[in-house]
Amino acid sequence: MTTSIDSKSINNTHSSLLVSHFMHYGLVTCPSDTLIRNVIQRFNEQKIGSILVEDNQEIIGIWTRTDFVKLDITQPDILSQPIKMVMNSPVCRIHQDELISSATFLFHKMKIRHLLVVDQSGEGVGVLSEL
């Protein structure tokens, strides 16, 4: 018995895989002067893997659990520093209607694991984590 695969249906399925189908809706943010210890506490309480850093209601950076693992906690008072001292900036963005393959390309090219997802007006609406 042979199974035939319709390449047209595969291409149609692939082209309908949008970022909006895989993203987490809503933004978890903190002000840029939030202490690192408080961000770590939010990671644990809210069971999140990243937080967007804001200044004057504009997203200026991102910090992730991966960044936390790389943090040199042997430095005196590192946990009392503001998150803006260790955040990654600028934040890579992708439109919610982009193909998921575009996001995958960005993850690999930029060597990152999180993208800020924006809507038609360029406002952040969620986060896409590497699949």
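Helix 3 gives three residues to the lining of the largest pocket, the largest share. This is a predicted model, where local features need pLDDT of at least 70, side-chain atom pairs count only at pLDDT 80 or more, and totals for chains, interfaces and linings use all residues. Residues are numbered from 1 along each chain as its sequence is written, and side-chain values use heavy atoms, with hydrogens and water left out. The protein has four helices and seven strands.

**Largest pocket**

- A pocket is found on a 1 Å grid over the protein atoms alone, as an open set of points where a 1.4 Å probe fits, with protein on both sides within 12 Å along at least five of seven lines.
- Lining residues have an atom within 4 Å of a point.
- The largest pocket holds about 290 Å³ of space.
- Its volume is the space filled by probe spheres set on the points, with grid points joined across faces, edges and corners.
- The lining has 14 residues, and Ile-62, Asn-88, Lys-111, Ile-112 and Arg-113 lie nearest the centre.
- Strand 4 and helix 3 are the elements that give two or more residues to this lining.
- By type, the lining has five nonpolar, five polar and four charged residues.
- Here Ala, Val, Leu, Ile, Met, Phe, Trp, Tyr, Cys and Pro count as nonpolar, Asp, Glu, Lys and Arg as charged, and the others, Gly among them, as polar.

**Second largest pocket**

- The second largest pocket contains about 180 Å³ of space.
- Of its 13 lining residues, His-24, Val-28, Ile-48, Ser-50 and Val-127 are the closest to its centre.
- Strand 1 (24–25), strand 3 and strand 7 each give two or more residues to the lining.
- Strand 3 has the largest share, three residues.
- This lining divides into seven nonpolar, six polar and no charged residues.

**Overall layout**

- From the N terminus on, the elements run α-β-β-α-β-β-α-β-α-β-β.
- Helices (H or I, at least four residues) and strands (E, at least two) are DSSP runs, numbered from the N terminus.
- The protein has 131 residues, and 31% of them count as buried.
- Buried means under 20% relative accessible area, exposed over 50%, and partly exposed in between (1.4 Å probe, protein chains only).
- Among contacts with a separation of 6 or more, 53% join residues 24 or more positions apart.
- A contact means heavy atoms within 4.5 Å.

**Helix 2**

- Helix 2 spans residues 36–46, and Ile-36, Val-39, Ile-40 and Phe-43 are buried in it.
- These residues are on the same side of helix 2, because they cover an arc of only 100° around the axis.
- The arc is that of the directions from the helix axis to the C-beta atoms.
- An α-helix has 3.6 residues a turn, so residues three or four places apart point the same way.
- The cover over the buried residues of helix 2 includes strand 2 (29–31), strand 3 (50–55), strand 4 (58–64) and helix 3 (65–70).
- Lys-47 follows helix 2 and has a positive phi, near 50°.

**Helix 4**

- In helix 4, the buried residues are Ile-100, Ala-103 and Phe-107.
- They share one side of helix 4, because their arc around the axis is only 55°.
- Phe-105, His-108 and Lys-109 are exposed on the other side of helix 4.
- Strand 5 (93–95), strand 6 and strand 7 pack against the buried residues of helix 4.

**Salt bridge**

- A salt bridge is a side-chain nitrogen of Lys or Arg within 4 Å of a carboxyl oxygen of Asp or Glu.
- The count by this rule is one salt bridge.
- Glu-130 pairs with Arg-113, and their closest N and O atoms are 3.4 Å apart.
- The pair links distant parts of the chain, 17 residues apart: Glu-130 is in the segment after strand 7 (124–129), and Arg-113 is in the loop between helix 4 (100–110) and strand 6 (114–118).
- Glu-130 is partly exposed, at 30% relative accessibility.
- Arg-113 is partly exposed too, with a relative accessible area of 47%.

**Backbone features in loops**

- The peptide bond from Ser-89 to Pro-90 is cis, with omega near 0°.
- Pro-90 lies in the loop between helix 3 and strand 5.
- Asp-77 is found in the loop between helix 3 and strand 5.
- Asp-77 is not a glycine, yet has a positive phi of about 65°.
- Asp-77 is exposed, with a relative accessible area of 56%.
- Lys-111 is exposed, at a relative accessible area of 75%.
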